[in-house]
Amino acid sequence: MIEFIDLFRPLSLYVHIPFCMSKCSYCAFYSVSSYYWDDEILDKYTDLVSKQISSFLEDYKKPFDTVFIGGGNPGVLGPKRLLKILESAYSYGRGRECSIEVNPEQIPSIIGFIKPYVTRISIGIQSMDSFMLSFLGRNSTKKENLDALSILSSQDIPFNADIITGVPGFPVANTLSDIRIVSSFNPAHISFYCLSYEEGTKMWNKRHLADEEVETSCLRLGWNLLESLGYEHYEISNFARNREYCLHNLNYWHLGQYVGFGPGAESSFGYEKAISMRYDQDVFSYISFPHPDYEHLSSKQTEEEFLMVALRTKWGIDKKEYEKRFSSSFDEKFSLAIKSLDESLFQSDENSFHLTKEGFLFSDRIVLKLFGCLID
């Protein structure tokens, strides 16, 4: 895969840990519950991923700009296995950021070990309401959430907390309470998003309970409260204090380069035309013989990806970067589509085109309208 990478541009690493104790009712990411794995499976998986990373770096010979270990639930690997993966990722030095997802109930036992090896910790709080946690199928309790937040707030390391809103049967007051409680522990970063109903999840059968008006109200009021508490709304679902952005995700939203290892992990290389790589395998096939699928995207497909991710951020489209990347003027190509938009949904000047907070609520429709201006 090294031949596809633009060696003059940064590269990020994503490691997928596809193991959970149990599956949350809303989670559509690939993972397997503890019924299907044991220590032997975890050892084999850790050995394989570590070897893949080391082998890749033998050719790449540079540190990754950012590293993200996600899941699933990376904490189930335990300290020794996680260290093995991190040591492989650091073979050529450390980059600007290393993030890891940890479930709240695992913070007390793992924080002391992982803190020296990472620069950022992300925990899935989701809610501080016991009934909502049960509805969502979360393993952690309200007490475990509070304990995790208390421990993290006492450590000298930035952390992110996830909060879900728009859950049927739980009014906006629950959302605002969750934000106030979580923010009182001073996380550097909060990810705030609506419950989604994905086919194949337990939550899919409850999709009839969704109420778009309630969800929109929860988002608007939650966004306003987060901003009043000093959090910058820098991406549709992400907020940061003091510019403590998630650098790894910023690379995604700029359509940068990243390599992923693990079943379901994706990679993207190149610039004008991207090359996508993905392991569409279950974990057991992956352990036996990891085999990625490659797709060479056309200029149009690459441009669609760029528009879709860039417009998720407060900065939107950098017009000079767009012209450099796609050899065309953003204003000329999309003028008709932009004229058809309500002026309250976007802001545009000679340097950038970005969505307003109101535009964030309609981002999917706006992106599709821009797609209509692209030709093969």
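The second largest pocket has a lining of 18 residues, and His-254, Phe-306, Asp-318, Glu-321 and Arg-325 lie nearest its centre. This is a predicted model, where local features need pLDDT of at least 70, side-chain atom pairs count only at pLDDT 80 or more, and totals for chains, interfaces and linings use all residues. Residues are numbered from 1 along each chain as its sequence is written, and side-chain values use heavy atoms, with hydrogens and water left out.

**The pocket**

- The second largest pocket holds about 280 Å³ of space.
- A pocket here is an open set of points on a 1 Å grid over the protein atoms alone, where a 1.4 Å probe fits, with protein on both sides within 12 Å along at least five of seven lines; lining residues have an atom within 4 Å of a point.
- Its volume is the space filled by probe spheres set on the points, which are joined across faces, edges and corners.
- Two or more lining residues come from each of α8 (247–253), α10 (299–310), β13 (317–318) and α11 (319–326).
- Helices (H or I, at least four residues) and strands (E, at least two) are DSSP runs, numbered from the N terminus.
- α11 gives the most to this lining, with three residues.
- The lining has seven nonpolar, six polar and five charged residues.
- Ala, Val, Leu, Ile, Met, Phe, Trp, Tyr, Cys and Pro count as nonpolar; Asp, Glu, Lys and Arg count as charged; the others, Gly among them, count as polar.

**Helix α3 with helix α5**

- The axes of α3 (residues 107–114) and α5 (residues 142–153) come within 10 Å and cross at roughly 20°.
- α3 is therefore roughly parallel to α5 (the term covers angles under 35 degrees).
- Axes are lines fitted to C-alpha atoms, for helices over the stretch in contact, and angles run from 0 to 180 degrees between N-to-C directions.
- Ile-107, Pro-108 and Ile-111 of α3 touch Ala-148, Ile-151 and Leu-152 of α5 (contact means heavy atoms within 4.5 Å).
- This contact of α3 with α5 has six nonpolar, no polar and no charged residues.

**Helix α10 with helix α14**

- α10 packs with α14 (residues 363–371) at about 155°, and their axes are 10 Å apart.
- α10 is therefore roughly antiparallel to α14 (the term covers angles over 145 degrees).
- Glu-304, Leu-307 and Met-308 in α10 meet Val-367, Leu-370 and Phe-371 in α14.
- This contact of α10 with α14 has five nonpolar, no polar and one charged residues.

**Backbone details**

- The peptide bond from Gly-71 to Gly-72 is cis, with omega near 15°.
- Gly-72 sits in the loop between β2 (66–71) and α2 (78–89).
- Asn-186 is not a glycine, yet has a positive phi of about 60°.
- Asn-186 sits in the loop between α6 (172–183) and β6 (189–194).

Terms used: Parallel < 35°, antiparallel > 145°, perpendicular 65-115°, else oblique.
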